[in-house]
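Q: Before we look at particular residues, could you show me how to read the features of a model like this one, giving the general idea and then the case at hand?

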Amino acid sequence: MASKVKGSSTNAHNLKALASYCDVNETLLNISQRWKVQILHSIFTGLQHFSQLKKAHPSLSDQVLGKRLGELVAQGLVNKTCISTTTPVQTEYSITCKGKGLLTVIFELQAWSKKDWAAQQLQCSSL
């Protein structure tokens, strides 16, 4: 989560209630944090360095970019590699198989959202 939720807050109670009803809610909460999917997609398309990601998303602060990259690494969606042969030491990010799998699902959701549901409804009602 982007910030800690006070354990006794209504928001914390609601998050626990939603998680108890359906595990999908927690998954959506994890990937819906601002910039997370955009950063993952950028790494997928070949942007591998912090500076490249920053340049691609100029309104994204260094702090948020660093935090989201750390979360993506911790979740196993991105690999972080330090290149010690460069001065200063450079860090490269690459997408993992798990990250590619998540993007596959995201692309499917995107296709679903763009589908012509009015035409689809006519087909379904004529069956």
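A: We begin with burial: a residue is called buried under 20% relative accessible area, exposed over 50%, and partly exposed in between. This is a predicted model, and with that scale Trp35 is partly exposed because its relative accessible area is 21%. Trp35 sits in the loop between helix H2 (23-31) and H3.

Q: How many residues does the largest nonpolar core have, and which have the most contacts inside it?

A: A nonpolar core is built from buried residues of the nonpolar kinds, joined through side-chain atoms within 4.5 Å. Here the largest such core has 16 residues, and Ile39, Leu40, Ile43, Leu69 and Val78 are those with the most contacts inside it. Two or more residues of this core come from each of helix H3 (36-44), helix H5 (62-74), strand S2 (90-95) and helix H6 (97-114). For Val78, once neighbours within four places in sequence are left aside, the contacts are with Leu40, Ile43, Leu72, Val73, Tyr93, Ser94, Ile95 and Thr96.

Q: Is Lys36 buried or exposed?

A: Lys36, which lies in helix H3, counts as buried because its relative accessibility is 3%, and the cut-off for buried is under 20%. Not counting residues up to four places away in sequence, Lys36 touches Asn30, Ile31, Arg68, Glu71, Leu72 and Gln75.

Q: Where does Thr96 lie, and which backbone atoms are listed with a distance to a polar atom of its side chain?

A: Thr96 is found in the loop between S2 and H6, and it counts as buried because its relative accessibility is 12%. A polar atom of the Thr96 side chain lies 2.6 Å from the backbone oxygen of Gly76, and a polar atom of that side chain lies 3.1 Å from the backbone nitrogen of Gly99. Beyond residues up to four places away in sequence, Thr96 touches Gly76, Leu77, Val78 and Asn79.

Q: Which residues form a nonpolar patch on the surface?

A: Val105, Leu109, Trp112 and Trp117 form such a patch, and together they have about 430 Å² of accessible area. H6 gives the most to this patch, with three residues. Trp117 lies in helix H7 (residues 117-125), and Trp117 is partly exposed, because its relative accessible area is 39%.

Q: How far apart are Lys100 and Lys55, in sequence and in space?

A: Lys100 and Lys55 are separated by 45 residues in sequence and by 23 Å in space, taken from C-alpha to C-alpha. Lys100 lies in helix H6 and counts as partly exposed because its relative accessibility is 43%. With residues up to four places away in sequence not counted, Lys100 touches Phe44 and Ile95.

How values were computed. Residues numbered from 1 in each chain as written. Predicted model: local features only at pLDDT ≥ 70, side-chain atom pairs only at ≥ 80, totals over all residues. Heavy atoms only, no water. Buried < 20%, exposed > 50% of the residue type's maximum accessible area, 1.4 Å probe, protein only. Helix = DSSP H or I, 4+ residues; strand = E, 2+ residues; numbered from the N terminus. Contact = heavy atoms within 4.5 Å. Patch = residues over 30% accessible without salt bridge, like charges linked within 9 Å, V, L, I, M, F, W, Y side chains within 5 Å. Areas by Shrake-Rupley, 256 points an atom, 1.4 Å probe, with all protein chains shown as cover. Salt bridge = Lys/Arg side-chain N within 4 Å of Asp/Glu carboxyl O. Polar contact = N/O pair within 3.5 Å; in protein donor to acceptor, adjacent residues only side chain to side chain.
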